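Biologist: Hi! Could you walk me through this structure in plain words?
Modeller: Happy to, let's have a look together.

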Amino acid sequence: MPRGYDFQRIEAKWQAQWEAAEAFAVREDPARPKYYCLEMYPYPSGKIHMGHVRNYTIGDVVARYLRMRGYNVLHPMGWDAFGFPAENAAFEHGVHPARWTLDNIAYMKSQLKRMGFSYDWAREVTCCLPDYYRWNQWFFLRLLERGLAYRKQSPVNWCDRCQSVLSNEQAEGGVCWRHTETPVAQKELSQWFLRITAYVEELLADGEKLAGWPERVRVMQRNWIGKSVGAEVDFALQRGGSLRIFTTRPDTLCGATFMVLAPEHPLALELSRGTSQAEAVAAFVARMRQTDRSLRTDAAAEKDGVFTGAQAINPLTEEPIPIWVANFVLMEYGTGAIMAVPAHDQRDFEFARKYGLPIRLVIQPDGSDSLDAAPMEAAYEGEGRMVHSGRFDGLASQAGKEAVCDALERQRIGQRAVNYRIRDWLVSRQRYWGTPIPVIYCDACGIVPVPDRDLPVILPPDVEITMSGGSPLARVETFVKTACPRCGGPARRETDTMDTFVDSSWYFLRFTSARETARPVDPAKVGYWMPVDQYIGGIEHAVLHLLYARFFTKVCRDLGLTAVGEPFSNLLTQGMVCKESSRCPEHGYRLPAEVDKAGRCTTCGLPVEVGRTEKMSKSKKNVVDPDELLAEYGADTIRLFSLFAAPPEKDLEWSDDGVQGAFRFLNRIWRLVDERPELLRAAEGKRWSAGQPEEAVRSLRRATHQAIGKVTRDLEDAFHFNTAIAALMELAGALVRFLDQLPPGSAAADGPPDRLLAFAEAVRALVVMLAPFAPHVAEELWESLGESESIFRQRWPEADASLAMEEALEIVVQVNGKVRGRLQVPRGTPEAALRRLALEERRVRQWIEGRTVHKLVVVPDKLINIVAGS
């Protein structure tokens, strides 16, 4: 008797069997090709969301498919478990960060298992546990030994809500990357940095070789590194000393009519000291320190500044020029000081116009002498021919740059230089829930590294989270007070913890040897598995995480832990999951239950804006809970919908109808297999007939092998999961049409062997190809076909090109190179017959009537070209 599609029973059954059999555990096997498939591991926030589901489903399909292709597949999962939300939960709910984190991990892990993801859980890593973060500390010590970790006093980005320092990447846009409503302020602190700039040229060069990465991501990384080639020039100060600037346009040096310092520049206050400008400069600098840095540098922002009262000397013109402090210059770029050339830089131009500063034209466009500084409405920023530049007049910009640099170097007042936008990685954080920095401060010995034998430096469990006053660790006396490892005298521990991006910068290496205890990784195992063949995650990590991971991989290579210099061969950045939201002008986003049938807010009665598709988020009240979907439809339906609704790199627009459609499709396949077992049993032991099969059999076999070819190509070529699933739907439709042609009931089982064999071949191919997408139902159907071994131990089917060929072809007929007709003919139609049919085709005759056919070329099974004229 046919059984219904009981997805809850089926999914629970196969998840239990996979776990008991350790079905996805993997070991190194040099005899097999390896494939390392990895999705970016999650922060354990409490529950998985649909973005997680989509990301991890993509990776799971890849992993399962390649297992069936014979690859030795590593597909691990872990937890990015340190971070501020745990401290926030401790503060708001009185739950210790460790308890909050580990409880969340337990629940999210159960959700991932319910989704049927094929993870090797024996390799699970949890970054907040000492067995992981001890190696963060080990890496820090190795970097410190090599001069790649250092401490310095520095103006830093400070988030009042986090009570912690943020890196430049985490303060992008002038707000905290976690709390986007919180502006970032500037604060002076002594901080730890990692010298990522030591690898900057290698990061740039190797980034250009990452052919398997989206071009968009490579451009983002290139721009973040921000390499600029130019010159450093020393401008003498009238009162003595000099001021060094960096410029990419030394050919415009004679056009420098003033200079500008960043408000953070150490000379900003010093130059004004003792002048009438001192008070104004101090007030301006103080105001800039509280100003959003992104607003300061926004091209559309009004330029704002103050004169320091000091003058510098232009090294080429030897003219005195004023020194200003302005909002649009940042300390992070170049030297924190610029020469202002208002005729050839738009920011400088706007500033000069506002404050009445001179504008001197020193570049004329090629082939023109028409530019004049006085009436200019905007700067000319292009290249051209040098003018008003003394001995350099007439030189083209490129030649002029070289000539000016030669002159600067001869006079020893400048030199060719390369500048980078990227700065060393600030890793100090004034929070509890992170890796303690393994450093001790001793009054006698200074900064003393914690010896390897004393690692890990354990986070103390008894800590008060107050969300104010810096690091909670600083208030734990038993943690802070210690003995100096060198002299044995009293000392104190570093109370900052590491940026959590340290955790995610090497976790992919740890997965290769997750239980290694003597070192961070086993180089032999790393050698087998690395690099990651396919990495999958969101575009929001294009700069922060990916750049740090590349840096750490190169460090690990130089430490002898890996032979590879790049961690990820291929990168897929999946799109967001979006859904319609409802927004009340008075009360903001509304849940569906908060909007009445008339489309009004149930609280205030105002019309609600509906229909705007936005990224799913709790704040927009448009989330879909995976737990509810699991209960109503099951994991296979969720997986199938998330893959079918959009290509993986595009945003997915949520559709309840689409989910129901995926559920109906799985039910259809279930009925195809489960309701005609007699046909499948009758096919056992049968052999294909020697003669030509009937049309229905040929048609079904053609559909089967076309589907095999299509699904295989779509999985191999850029993960076109949606079109692969569409091909499975077409094959299911072909099976239904085939069954409709068979006699009812048991009579069909007594039919010709070819019918039974074609049906069995199609069903088995359909079930096997469905397996990566909907693994639970595929396992159950495979078992119902009498198979005792897991479907994932089956080899992927191979398409037979001869069977997939269409029997009827469309032949294009061209007249004088233009398509004028089409013929429907059997494959292999003789050339003579094709010639006759082409000349007789009604529409073709209209174009050759009254003309002489000079030539007729036949490309068999493809094309006929007729050359006709007078």
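**Salt bridges, a sheet and a helix**

Modeller: Let's start with Arg 755 and Glu 694, whose side chains meet in a salt bridge at 2.5 Å, N to O. A salt bridge here is a side-chain nitrogen of Lys or Arg within 4 Å of a carboxyl oxygen of Asp or Glu. Arg 755 lies in helix H23 (residues 753-770) and Glu 694 in the loop between helix H20 (677-683) and helix H21 (695-716), so the pair ties together parts that are 61 residues apart in sequence.

Biologist: And what kind of model and numbering is this?
Modeller: This is a predicted model, where local features need pLDDT of at least 70, side-chain atom pairs count only at pLDDT 80 or more, and totals for chains, interfaces and linings use all residues. Residues are numbered from 1 along each chain as its sequence is written, and side-chain values use heavy atoms, leaving out hydrogens and water.

Biologist: How do you pick out helices and strands?
Modeller: They are DSSP runs numbered from the N terminus: helices are H or I with at least four residues, strands are E with at least two.

Biologist: How many salt bridges does the count come to?
Modeller: The count comes to 59. One of them joins Arg 114 and Asp 627, at 3.6 Å from N to O. Arg 114 lies in helix H4 (residues 97-114) and Asp 627 in helix H17 (residues 626-632), so this pair ties together parts that are 513 residues apart in sequence.

Biologist: Is Asp 627 buried or exposed?
Modeller: Asp 627 counts as buried, at 12% relative accessibility. Arg 114, at 34%, counts as partly exposed. Buried means under 20% relative accessible area, exposed over 50%, and partly exposed in between (1.4 Å probe, protein chains only).

Biologist: New topic: what is the strand order in the open sheet of four strands?
Modeller: The order is S29-S28-S31-S30, with mixed pairing. Strands S29 (818-826) and S30 (852-859) stand at the edges with a single partner strand each, so one side of each has no neighbour in the sheet. Two strands pair if DSSP finds at least two bridges between them.

Biologist: How many bridges join S28 to S29?
Modeller: Eight, and the two strands run antiparallel. Ala 808, for one, has Pro 826 in S29 as its bridge partner.

Biologist: Last one: which residues in H9 are buried?
Modeller: Val 281, Phe 284, Val 285 and Met 288 are. They cover an arc of only 100° around the axis, which puts them on the same side of H9; the arc is that of the directions from the helix axis to the C-beta atoms.
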